[in-house]
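Good morning, and thank you for joining this group meeting. Please look at the sequence and the structure as I put them up.

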Amino acid sequence: MTARPTVLLCDDSRALRMLTARQLSEAGFEVVAEAGNGAEAVEGYREHRPTVVLLDLVMPQMDGKQTLQALLEYDADARVVILSSLGAKKDIEDCLRMGAASYLQKPIDPEAMVRVLRGVAG
Ligand SMILES: [Mg+2]
């Protein structure tokens with residue numbers, strides 16, 4: 001059996017992180033780090049080098065776009081999946097253009113999340 005793909009989960013909602021971490025773990029991913037803001041996400045990325053980052057778009061201080069930029073500056077090959085709310089079409093397009101691997105819309109459908117993450121993890 002190959003190693004489980006690792007995930008860094010960044011969202012300012014603790015409730016969302018708890019729910020999503022459980023769903024990911026049940027689906028065979030290993031959540032190696034959780035982050036409640038962009039700075040923590042960058043720090044967690046440096047420390048754990050996860051296969052995939054799940055990154056919330058709307059966060060106080062450093063938003064998802066700024067965090068995406070920081071992650072890609074650190075590692076141009078970082079695989080980042082954006083978590084967005086409905087109606088964030090322009091932001092999603094910006095993120096994909098910047099180098100995000102994919103995106104998911106909230107409320108997150110667990111099956112879609114697993115499918116997208118497996119695709120991105122390769
Ligand atoms: Mg948020």
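**The metal site and the helix contacts**

I begin with the magnesium ion, whose donors follow the spacing D-x43-D-x1-V along the chain. Donors here are N, O and S atoms within 2.8 Å of the metal (3.2 Å for Na, K and Ca), and water is not among the atoms, so sites may look incomplete. The coordinating residues are Asp12 (OD), Asp56 (OD) and Val58 (O), at 2.0 to 2.2 Å. Asp12 lies in the loop between β1 (6–10) and α1, and Asp56 in strand β3 (residues 52–56), so the pair ties together parts that are 44 residues apart in sequence.

A word on the basis of this talk. The model is predicted, so local features need pLDDT of at least 70 and side-chain atom pairs count only at pLDDT 80 or more, while totals for chains, interfaces and linings use all residues. Residues are numbered from 1 along each chain as its sequence is written, and side-chain values use heavy atoms, with hydrogens and water left out. Helices (H or I, at least four residues) and strands (E, at least two) are DSSP runs, numbered from the N terminus.

UniProt, in an unreviewed entry, places the feature "domain: Response regulatory" at residues 6–121. UniProt positions are given in the numbering used here, feature names are shortened, and annotations may be inferred rather than shown by experiment. That span is 49% helix and 22% strand, and its end C-alpha atoms lie 9 Å apart.

Now to the helices. Two packed helices are described by the angle between their axes and the distance between the axes. Axes are lines fitted to C-alpha atoms, for helices over the stretch in contact, and angles run from 0 to 180 degrees between N-to-C directions.

How do the axes of α1 and α5 cross, and at roughly what angle? Helix α1 (residues 14–26) and helix α5 (residues 110–121) have axes that come within 10 Å and cross at roughly 60 degrees. The two are therefore oblique to each other; angles under 35 degrees count as roughly parallel, over 145 as roughly antiparallel, 65 to 115 as roughly perpendicular and the rest as oblique. The contact, meaning heavy atoms within 4.5 Å, is made by Thr20, Gln23 and Leu24 of α1 and Pro110, Met113 and Leu117 of α5.

The axes of helix α2 (residues 38–48) and helix α3 (residues 64–74) come within 9 Å and cross at roughly 20 degrees. That makes α2 roughly parallel to α3. Among the residues of this contact are Ala41 and Tyr45 of α2, and Ala70 and Leu71 of α3.

Helix α3 also packs with helix α4 (residues 89–98), at an angle of about 5 degrees and with axes 10 Å apart. This makes α3 roughly parallel to α4. Here Lys65, Leu68, Gln69 and Leu72 in α3 meet Asp91, Asp94, Cys95 and Met98 in α4.

Finally, two points of the backbone. Lys106 and Pro107 are joined by a cis peptide bond, with omega about -5 degrees, and Pro107 sits in the loop between β5 (102–105) and α5. Arg49, although not a glycine, has a positive phi of about 45 degrees; its place is in the loop between α2 and β3.
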